[in-house]
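Reader: I would like a close look at a single part of this model. Please take the sheet and go through it strand by strand.

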Amino acid sequence: MVTSPVVVFHQRVDDDLGCASYLIGDETTGEAVVVDPAYEIEPYLEEAKRHGLKITRVLETHTHADHLSGHGRLALEHGAVVHVHPLGEPEFPFEPLADGQLVHVGQTAIRVLHTPGHRPEHCCFLVGGILLTGDSLLIGDAARPDLAVEAREGAEGLYGSLRRLAGLPGDTGVFPGHVAGSLCATGISTEHSSTIGAELKTNRALAFSDLQEFVAAMASVSAPRPPTIERVVALNRGPFVGEPAPLEPLQSFDGQVLDVRSPHEFAEGHVRGAINIPLESSSLGTKAGFVMDQERPVAIHASSPGDAEAAASRLRAVGLLDLGGYLVEPSATDRLEPIGIQELEQLLATDGVQVIDVREKDERDDGYIPGSRHIPYRLVGELANELENGYPIVTVCNSGARAAVAASVLAAHGIPARPLLDAGVPDWEKRGNPVTAFRRCGSG
């Protein structure tokens, strides 16, 4: 947090989604604005109250595709005015943003910079010597250009926007809308802020001096598209979304069950058909979007009511709002049988197992277990029927986290699978076992 005698500047980072949002306030007048608010607005309200501020405005850099905005809650529950560029085509009451416009919060002036590329309506906000870059310039990279328009068209717009931002003074602070963990770029740093000068030296997206080279590089997006993109964009563009319904306790549930307990607890006993995405894992909401049916209600099985509420918050953050409640001591009679590396070695030595590598392609290219089949965890459900060949199935990743998710998805499809928990391909290699690496053209 940055404060002066009159200005409050607070950054909030959602590590689960890799999203950043900002509270800016003027203590002289008691007014505050939130930039790119998350759906869970309580932290902004608490921070504002701590400084004697009232949130009167919301500034959106763009229509977000990866997380549900809290602008509807701030408008409906607290009377905040929402500002967005009209190219976002909002279907809610808003004040339009325009390039060069000044938005005042008390005596604090926020300058609007229209920076299309990630989306046509995208804007950055300059507050004194601080630049809020949204989904344009990130720390170490730039946002992907393919989520709203054709990738090459988006990249061309992004190139011009980045050149404009690169012309700002070198000591201008860069505070992005995303940090590491987001699907909006592949090379984002874990740092939460930087400067224009530092990014000019290290950011790969600012290293291109030729438009066509930049477009060729940025339009070749390899990261998977956020699974809930259409749903989230529609919610963020449409009528205001108000506060969520309370999460109620349930004795049973006839529908989808998301088990957020640890993989070991899940293996020891779970509700039939449940899918396991541990609360402790990263990107719970994104993973759920990939492997759950977004059109059906979901009940949560957690170790405690508090864990259930935490999981619900992460689901709502990605637009999964139809939550049936949380299960209290349900019938959890189904089991999984995890496997250890030593047993896996023995089975592979006799060709008695089918190994499914559930990592992403770039991870697998660095080295994989010979003979393993590659199916990212997010796709195993779609290909489950192809895996029934009589061989036992083992799922592997780098650490066991995604292997556990994939095994639960296969089990929900009636296909027994054994996850390699608490270990992965790097551990396999450390034990002296062979791995195969993808050899790119020109490599030695």
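In what order do the five strands of the open sheet stand, and is the pairing parallel or antiparallel?

Author: The model is a predicted one. In it, the open sheet has five strands with parallel pairing, and their order is β14-β18-β17-β15-β16. The edges are taken by β14 (249-250) and β16 (275-276). Each of these has a single partner strand, so one side of β14 and one side of β16 are left without a neighbour in the sheet.

In the order of the sheet, β17 stands between β18 and β15. Towards β15, the contact consists of four bridges, which join residues 256-259 of β15 to residues 298-301 of β17 in parallel. Within this pair, Gln256 lies opposite Val298 of β17, and Val257 has Ala299 of β17 as its bridge partner.

On the other flank, β17 is joined to β18 (residues 323-327), again by four bridges and with the two strands running parallel. Ala299 also takes part here, with Gly325 of β18 as its bridge partner.

The faces of β17 are both covered. Val298 and Ile300 are buried on one side, while Ala299 and His301 are buried on the other.

Notes. Residues numbered from 1 in each chain as written. Predicted model: local features only at pLDDT ≥ 70, side-chain atom pairs only at ≥ 80, totals over all residues. Heavy atoms only, no water. Pairing = 2+ DSSP bridges. Buried < 20%, exposed > 50% of the residue type's maximum accessible area, 1.4 Å probe, protein only.
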